[in-house]
Amino acid sequence: MATVVMTSLDSKSRAASRGLSDIKIRNLFIVPTILFLIVFNIFPLIYSLGYSFTDFRASTNAPATFVGLQNYRELLNDPFIWANFAITAKYVIVSVTGQVVVGFGTAMLLNREIPFKGLITTLLLLPMMLSMAVVGLFWKLLYDPSFGIINYALGLGSFEWLANPDMALYAVAITDIWMWSPFVMLLSLAGLSAVPRHLYEAAAIDRAGPFYTFFRITLPLVAPILMIAIIFRTMEAFKTFDLAYILTSQPTTEVISIRLYKMAFQEWQTGRSCALAYIVLIMVLAITNIYVKYLNRVKER
Amino acid sequence: MAAVQTRSERALNLVAIAAVLVITLLFLAPIYWITSTAFKPRNLATTIPPTVIFEPEISPFVKLFTKRSQLRAAPEPEDYAAAPWWERLVFEGGEKVVRSGRGEVQLSGYPNRFMNSLIVAITSTVLAVGMGTFTAYGFSRFKMKGEADLLFFILSTRMLPPVVVAIPMFLMYRAVGLNDTHWGLIILYTAFNLSFSVWLMKGFIDEIPKEYEEAALVDGYTRLEAFFKIVLPEAATGIAATAVFCFITAWNEYAFALIMTNRRAQTAPPFIPSQVGSGLPDWTVIAAGTFLFLLPVAIFTFLLRNHLLRGMSFGAIRK
């Protein structure tokens, strides 16, 4: 009967024999998307894998020469590339830690009865919906040493943020924290509001202290969702390009995506940049794998 | 919450509410500053102490949409008399600007970039949500081998760093002439949003009870009719939410647009930063351009507020 047909794809059944068969419909619905992604995502990557073994430069008409693993060997032995990775790692740590502290902290504060809670939450979420490049540009004015409101509000005089090699990366991270703490807050709030009330009541009856309650009840129950937020933000921070590229041009803020962009589209070392792209790609896919595992785990709960 | 609160609990609550208000104001401060700068006369945009109270002007928007050359002298009276009302606003701002070469005031690059953004974002959204809905239904209702692997493959395409994809795409587009075209960007944004759309729509379609279609099939509908007449109307909210997410992503995208376009098809995100050249930028004009660009997203965020959590977690977390 029809109820069985829904998932069994039984072509002999009555319902499935009318019109297109279920298998045909399934393929009709799924195959175009898979093909589209293969043509516009996977094929280009195969194309660039080929170029990564050559000395091709897209700015000249010279044909590409096969150089084997030379690009990879040189990149992995290049201390400057490792410096770019180190800057990226520092950026990821500062930015994600800041987002977790601010985001989770705000979620803890919001997780109670507050007048206009819905409106406040929506307003807090606004920054993460905006364009990084466009809003990031405006932060240049906010950070301006002579007339920026940040220095004015903090009484820092003419403190240099973006032109200061030691400060620039932190300035970029602060803007990123402003944009993406709301994301951590949103997910944390969902986790916090799902903690059953009776657990807190039981803890109160047992005269458990606030620290015990937090570390033994709140944190373990919120952890899976918080992990999703942390892994996702780690991945995004690792790939970061827009903000750092727009806000500064300091060597101390040259994260790996910016190095890759310059290598590919300013120095036109196409072959070498394809090799670097592959190194970055493998790292991103590793994080994605962990991310999807957590997504599915939370989904199944 | 317990009906009876102790005094310390109540005090703690008040402190938390006050802290939330302070945090909210801090988070909104940059957005407020963009908005207020967009309506300031130029000489009040960069003052110390910052100007908070002022008479709002729309001259930044006039300057945003038009282009003129700067002269050292103030405009002649006959120039002023001949100028349309919006041009007078610019003169009255005290800026020594007149019509470029005493010829026509030209349209600036902004309206064109804004239109490009609209064309690219809307077309790619329609394609991504359209294809994504069909695919999500396929995954939601039919079993297949390697389903989890396929879904992982689809999601992983979304996670690729834009610059990594852009290098080969740039070469391929150059070969087929898609560089600096609307379709070039539309294809990239559709591919980027397609995976998101599949994951999110699958969550929405999973929630529609299968019994609805079963009843329709028993009534003599074909599977396709059941999909179009039963499932699609039920999924309308989900489709709308997914579309808004895809639109915002495409609207905000920067790296692909920077690499793949330069004049004809350039969208607003790479254009707005390019206005800050050398010398002192006119921040009121940049703020005006930023304000207009952010406005649609701010409106959509309010419409979308109940679905944000779901969208941001690729449909894994539902409220």
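The legends below accompany close-up views of a predicted model.

**View 1. The fold of chain A, built from helices.** The secondary structure of chain A consists of 14 helices and zero strands, so that, read from the N terminus, its elements run α-α-α-α-α-α-α-α-α-α-α-α-α-α.

**View 2. The side of chain B that touches chain A.** In this pairing, 84 residues of chain B are in contact with 82 residues of chain A. On the side belonging to chain B, helix α1 (residues 7-37) gives the most, with 13 residues. The residues of that side of chain B divide into 65 nonpolar, 13 polar and six charged.

**View 3. The largest nonpolar core.** This core holds 164 residues, of which L187(A) and A166(B) touch the most other members. Helix α9 of chain A (residues 168-193) gives the most to the core, contributing 17 residues.

**View 4. The surroundings of L187(A).** When its neighbours within four places in sequence are left aside, L187(A) is in contact with I225(A), L226(A), I228(A) and A229(A) from chain A, and with S313(B) and I317(B) from chain B. L187(A) is also one of the two residues that touch the most other members of the largest nonpolar core, the other being A166(B).

Key
Residues are numbered from 1 along each chain as its sequence is written. Chains are lettered from A and ligands numbered from 1 in the order in which they are written. This is a predicted model: local features need pLDDT of at least 70, side-chain atom pairs count only at pLDDT 80 or more; totals for chains, interfaces and linings use all residues. A nonpolar core is a set of buried Ala, Val, Leu, Ile, Met, Phe, Trp, Tyr and Cys residues joined through C-beta atoms within 7 Å. A residue is buried if 20 or more other C-beta atoms lie within 10 Å of its own, exposed if 12 or fewer, and partly exposed in between; C-beta atoms are placed from the backbone. Helices (H or I, at least four residues) and strands (E, at least two) are DSSP runs, numbered from the N terminus. Two residues are in contact if their C-beta atoms, placed from the backbone, lie within 7 Å. Ala, Val, Leu, Ile, Met, Phe, Trp, Tyr, Cys and Pro count as nonpolar, Asp, Glu, Lys and Arg as charged, and the others, Gly among them, as polar.
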